[in-house]
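These are notes for a colleague on a few local features. The points follow the model shown here.

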Amino acid sequence: MTIGVDLLQETRAFNEGLRALIETLPAIETVPVEATRLSRYEAGGIFPPPAFVDEARWVDIPSRGGGLRARVLAPEGEAVGVFVHIHGGGWTLGAADQQDVPLQQLARDTQLVVASIEYRLAPEHPYPAALDDCEDAALWLLDGGAQQLGAPAALSIGGESAGAHLSVTTLLRLRDRHGAAGAFRAANLVYGAFDLSGTPSRRQTVDPILLTDPGMRWFTENFLPGLDDEQRRDPAISPLFADLAGLPPALFTIGTADPLLDDTLFMAARWEAAGNEAELLVYAGGIHAFNAFPIGIGLAANLAQTEFLRAAFAD
């Protein structure tokens with residue numbers, strides 16, 4: 001995506017400021033996971049502490065693992081469908097209640113009920129626990145759950161980073177195990193990890209600002225303990241290697257400074273080659289998680305995602 005000189009300068013200045021902050025903090029793979037999870041709720045890391053929305057509610061979902069729930073934010077007025085949101089965090093961090101404000105805005109702007117899935121996290125619950133939870137949540141929504149949330153059973157799905165990975169693997173499970181891929185109108189896939197053995201950009205990026213290769217290796221080992229790179233290329237794990245036919249239209253969002261750049265470039269190309277609709281937006285200078293911050297390219301990316309989901313339900 002072409003951006004102006006002023007926006008690129010803003011992005012570069014933000015990146016350098018964030019780099020300076022990160023250099024004062026310990027590397028994520030060196031900190032106990034419980035401490036990092038707690039810091040996401042406090043003003044101690046690179047992200048601001050989450051703000052909770054009074055209108056948000058928790059809904060319990062039947063699942064094979066037990067204890068599954070979703071954080072639900074409804075639009076104002078009649079809902080046209082559901083957006084199944086799957087948060088990021090390397091399958092290890094993050095939570096469904098850490099994005100209330102942007103998800104509430106998304107619900108209001110698209111008239112979709114947003115159901116953010118509180119899936120089980122690694123390393124306590126390695127693969128396939130998170131994917132089992134996302135599959136169970138999607139099946140529940142298709143089997144009357146959407147109506148319980150006040151929406152028709154017209155679904156879209158998406159998420160950031162690990163959430164984009166889980167979104168695609170969920171779509172594949174629904175297609176292959178349940179013949180239900182056609183129930184989804186859209187997939188909003190934001191800087192996802194689609195080859196868990198590591199694409200060239202992840203292995204070769206020099207001096208990344210937020211997501212380092214050691215950090216990504218730590219996340220992946222938490223999620224897939226004991227598996228070598230060849231095992232991690234199993235299509236059930238790394239959807240870049242899967243048959244992608246019969247999947248819904250997708251919007252792929254990525255920044256050029258993200259080590260997962262190739263994951264998105266390769267997946268968008270394969271998505272389209274499989275006969276699906278694919279839109280690819282690449283933001284100059286964007287680091288991993290760039291749209292979590294109030295900078296110009298982040299605001300533009302979030303607006304594009306809103307417009308994509310709104311258009312998917314326009315009929």
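1. His 87 sits in the loop between strand E3 (81-86) and helix H3 (100-110); helices (H or I, at least four residues) and strands (E, at least two) are DSSP runs, numbered from the N terminus. With a relative accessibility of 1%, His 87 is buried (buried means under 20% relative accessible area, exposed over 50%, partly exposed in between; 1.4 Å probe, protein chains only). The C-alpha atoms of His 87 and Gly 159 are 5.5 Å apart, although 72 residues separate them along the chain.

2. On sources: this is a predicted model, in which local features need pLDDT of at least 70 and side-chain atom pairs count only at pLDDT 80 or more, while totals for chains, interfaces and linings use all residues. Residues are numbered from 1 along each chain as its sequence is written, and side-chain values use heavy atoms, leaving out hydrogens and water.

3. The whole structure has 17 salt bridges (a side-chain nitrogen of Lys or Arg within 4 Å of a carboxyl oxygen of Asp or Glu). One of them joins Asp 132 and Arg 64 at 3.3 Å, N to O. Asp 132 belongs to helix H4 and Arg 64 to the loop between strand E1 (57-60) and strand E2 (69-73), so this pair ties together parts 68 residues apart in sequence. Asp 132 is buried at 12% relative accessibility, whereas Arg 64 is partly exposed at 47%.

4. Glu 16 and Arg 19 also form a salt bridge, at 3.2 Å, N to O. They are 3 residues apart in helix H1 (residues 5-22), about one helical turn. Glu 16 is partly exposed at 46% relative accessibility; Arg 19 is buried at 17%.
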